[in-house]
Amino acid sequence: MQIWVDADACPNVIKEILFRAAERKQVPMILVANQYIRTPPSRLIRSIQVSAGIDVADNRIVQEMQAGDLVITADIPLAAEVIENNGTALNPRGQLYTIENIRQRLNMRDFMEEMRGAGLVSGGPPTLNHTDRQTFANALDRFLAKHVPKKPS
């Protein structure tokens, strides 16, 4: 199992939580972005810089991820592809995308895009707050506890 991060839009505070979790649980983590992403020195954590363009990072993640991998993303279409490929997708606010909720989230995303296009709604989600960070950290810990075997002492 590996952790993949859609890193272009992932908040730095979430990356820091992920860096600590990858080291603590000894899980490989790959950040994918179309810009340089600084990572801590670690044999477990690396970054891949892809060319600029719409969905280039998303496509790289989908091509390289394997069933059982965890993908951190706020991109709902990417989350849908991850689920189709038997992976798990978690957003930076700690909400797990599932087979049961992904269709509804895609529909809501499309609806909000139409509303923004018509000028009826502006802006995006609220700024990430302390509760969101804690919710993410807790959801990540639950996932890793369930899917990463404990190392013998």
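Guide: The model is predicted. Asparagine 129 caps the N-terminal end of H5.

Visitor: What distance does H5 reach from its first C-alpha to its last?

Guide: H5 covers residues 130-147, which is 18 residues. At 1.5 Å a residue, 26 Å is expected. The span in the model is close to that, at 26 Å.

Visitor: Where around the axis of H5 do its buried residues lie?

Guide: The buried residues of H5 include Asp132, Phe136, Leu140 and Leu144. On the other side of H5, residues including His130, Arg142 and Lys146 are exposed.

Visitor: Which strands and helix do the buried residues of H5 pack against?

Guide: Leu140 is one of the buried residues of H5. Leucine 140 touches Ile17, Leu18, Ala21, Leu70 and Leu90, leaving out residues up to four places away in sequence. The buried residues of H5 pack against strands E1 (3-6), E4 (70-72) and E5 (88-90) and helix H1 (12-25).

Visitor: Which residues touch the most other members of the largest nonpolar core?

Guide: This core has 28 residues. E1, H1, strand E2 (29-33), E4 and H5 each supply at least two residues of this core. Those that touch the most other members are Ile3, Val5, Leu18, Met29 and Leu140.

How values were computed: Residues are numbered from 1 along each chain as its sequence is written. This is a predicted model: local features need pLDDT of at least 70, side-chain atom pairs count only at pLDDT 80 or more; totals for chains, interfaces and linings use all residues. Side-chain values use heavy atoms; hydrogens and water are left out. Helices (H or I, at least four residues) and strands (E, at least two) are DSSP runs, numbered from the N terminus. The expected span of a helix is 1.5 Å times one less than its number of residues. Buried means under 20% relative accessible area, exposed over 50%, partly exposed in between (1.4 Å probe, protein chains only). Contact means heavy atoms within 4.5 Å. A polar contact is a pair of N or O atoms within 3.5 Å; within protein, one must be able to donate a hydrogen and the other to accept it, and residues adjacent in sequence count only if both atoms are side-chain atoms. A nonpolar core is a set of buried Ala, Val, Leu, Ile, Met, Phe, Trp, Tyr and Cys residues joined through side-chain atoms within 4.5 Å.
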